[in-house]
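Hi everyone, thanks for coming.

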Amino acid sequence: MKKILISACLVGDKVRYDGKGCYNPLIKKLLEYYELVPFCPEVEGGLKTPRKRSERRRNEVRNEELAIITDKFDLGAEKALNICQYLNIKMAIMKEESPSCGVHEIYNGYFQNRKIPGQGWTTELLTKHGIKVISENEIEELVKIKEAEKERKKTKEKPLK
């Protein structure tokens, strides 16, 4: 069974900045097709839960007190990459809008509650190293593809009468 790295909050781990998780009910379906490896780059980078909100602004990450915490994000991203390389993981599913895990959108870096196109710190590193990264919003499509493959396989295996 193929392994997928997944943002730990999506499996319900309470690792978000606000101390909450954001369980995605499609996780149960994913487990039929993949072995999931939950990982939170922010926690693994040394940030506590709960913690101050943080946002990426170009090539640095700051918390809402404007302290630069890029080193924590670097460490978490490196650990995520190391896990993927060690376990031969080729795909990750990440939490959209996160400063670490955003795939298509992140907050603008000025704590204005405005989103911009962009990638989180970890997503960018994984992508640079050839790991396919999809958003939590694309899980449903991934499940549909796997279910269609399963159905095609069943049809092929039926004996002719």
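Let's begin with Glu35, which counts as partly exposed at 37% relative accessibility. On that scale, buried means under 20% relative accessible area, exposed means over 50%, and partly exposed is in between, with a 1.4 Å probe and protein chains only. Before I go on, a word on the source: this is a predicted model, where local features need pLDDT of at least 70, side-chain atom pairs count only at pLDDT 80 or more, and totals for chains, interfaces and linings use all residues. Residues are numbered from 1 along each chain as its sequence is written, and side-chain values use heavy atoms, with hydrogens and water left out.

So which residue forms a salt bridge with Glu35? The partner is Lys3, and the closest N and O atoms are 3.7 Å apart. By salt bridge I mean a side-chain nitrogen of Lys or Arg within 4 Å of a carboxyl oxygen of Asp or Glu. Lys3 sits in strand 1 (residues 3-7) and Glu35 in strand 2 (residues 35-39), so this pair ties together parts that are 32 residues apart in sequence. Strands here are DSSP runs of E with at least two residues, helices are runs of H or I with at least four, and both are numbered from the N terminus. Lys3 is partly exposed too, with a relative accessible area of 28%.

In general, side chains of opposite charge can pair when their charged atoms come close. How many salt bridges does a search of the whole structure find? It finds 15. Another one joins Arg56 and Glu124, at 3.1 Å from N to O. Arg56 belongs to strand 3 and Glu124 to helix 4 (residues 121-128), so here the parts tied together are 68 residues apart in sequence. Arg56 is buried, at 7% relative accessibility, while Glu124 is partly exposed, at 25%. There is also a network, in which salt bridges that share partners join Lys29, Glu32 and Glu147.

Now please find Glu96, in the loop between strand 5 and strand 6. Glu96 is buried, yet it has no salt bridge. Where is the nearest side chain of opposite charge? That is Lys95, 8.5 Å away; for charge, Lys and Arg count as positive and Asp and Glu as negative, while His and the chain ends are not counted. What the side chain of Glu96 does reach is the backbone nitrogen of Val103, at 2.8 Å. The side chains of Glu96 and Ser135 also make a polar contact of 3.2 Å. A polar contact is a pair of N or O atoms within 3.5 Å; within protein, one must be able to donate a hydrogen and the other to accept it, and residues adjacent in sequence count only if both atoms are side-chain atoms.

Let's finish with the backbone. Glu97 lies in the loop between strand 5 and strand 6 (105-107), and its phi is near 80°, a positive value in a residue other than glycine. Asn88 is not a glycine either, and has a positive phi of about 55°. You'll find Asn88 in the loop between helix 3 (70-86) and strand 5 (91-94), where it is exposed, with a relative accessible area of 52%. Last stop: a cis peptide bond joins Thr49 and Pro50, with omega about -10°. Pro50 is in the loop between helix 2 (41-44) and strand 3 (54-57).
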